[in-house]
Amino acid sequence: LAKSDPMVLCYTEESGEHIIAASGELHLEICLQDLQNDFMGTQVKVSDPVVSFRETCTAKSNQTCLAKSANKHNRLFVEA
């Protein structure tokens, strides 16, 4: 499945559970449908998806960060 879609991350937990990480719930549904119909040919036991939450910026920072490219020809000024 990961070879057919580069945006999918597949790995196995220590408990033996196979984890499929996708970019969203719709993407995950499409991947599971492909897995059942194209690759497995049988029903797959699927648990409820777990959505990981991420932090984000809520206000503009008063600092400007500078990053330079490896060849030092490009400069990036970033404000978060």
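The side chain of E79 makes a polar contact with the side chain of T64 at 3.0 Å; a polar contact is a pair of N or O atoms within 3.5 Å, where within protein one must be able to donate a hydrogen and the other to accept it, and residues adjacent in sequence count only if both atoms are side-chain atoms. The model is predicted, so that local features need a pLDDT of at least 70 and side-chain atom pairs count only at pLDDT 80 or more, while totals for chains, interfaces and linings use all residues. Residues are numbered from 1 along each chain as its sequence is written, and side-chain values use heavy atoms, with hydrogens and water left out.

**The segment after β4**

E79 lies in the segment that follows β4. Its relative accessible area of 43% makes E79 partly exposed; buried means under 20% relative accessible area, exposed over 50%, and partly exposed in between, with a 1.4 Å probe and protein chains only. Leaving aside neighbours within four places in sequence, E79 is in contact with K60, Q63 and T64, contact meaning heavy atoms within 4.5 Å. The C-alpha atom of E79 is separated by 45 Å from that of Q36, a residue 43 places away along the chain.

| Side chain | Partner side chain | Distance |
|---|---|---|
| E79 | T64 | 3.0 Å |
| E79 | K60 | 3.2 Å |
| H27 | D5 | 2.7 Å |

**Elements and hairpins**

The chain holds 1 helix and 4 strands, in the order β-β-α-β-β from the N terminus. Helices (H or I, at least four residues) and strands (E, at least two) are DSSP runs, numbered from the N terminus.

Strand β1 (residues 9-12) runs antiparallel to strand β2 (residues 18-21), and 4 bridges join them; two strands pair if DSSP finds at least two bridges between them. Y11 stands opposite I19 of β2. The hairpin of β1 and β2 has 5 residues between the strands, and G16 in this hairpin takes a positive phi near 95 degrees.

Strand β4 (residues 75-78) is antiparallel to β3 and is joined to it by 4 bridges. C65 has V78 of β4 as its bridge partner. In the hairpin of β3 and β4, with 6 residues between the strands, K72 takes a positive phi near 65 degrees.

**The helix**

H27 belongs to helix α1 (residues 25-40). With 18% relative accessibility, H27 counts as buried. Residues up to four places away in sequence aside, H27 touches D5, M7, V8 and A22. The buried residues in α1 are H27, L28, C31, L32 and L35, and their cover includes β2. An α-helix has 3.6 residues a turn, so residues three or four places apart point the same way.

At D34, α1 bends by about 25 degrees; the bend at a residue is the angle between axes fitted to the seven residues ending there and the seven starting there. Just after α1, G41 takes a positive phi of about 85 degrees.

**The chain as a whole**

The radius of gyration of the chain is 20 Å, whereas a compact globule of 80 residues would have one near 12 Å; the value is taken over C-alpha atoms, and the globule rule is 2.2 Å times the number of residues to the power 0.38. The C-alpha trace spans about 55 × 30 × 25 Å along its principal axes. Of the 80 residues, 9% are buried. Among contacts between residues at least 6 apart in sequence, 11% join residues at least 24 apart.

The average pLDDT of the chain is 83, and 100% of the residues score at least 70; pLDDT is the predictor's confidence in each residue, from 0 to 100.
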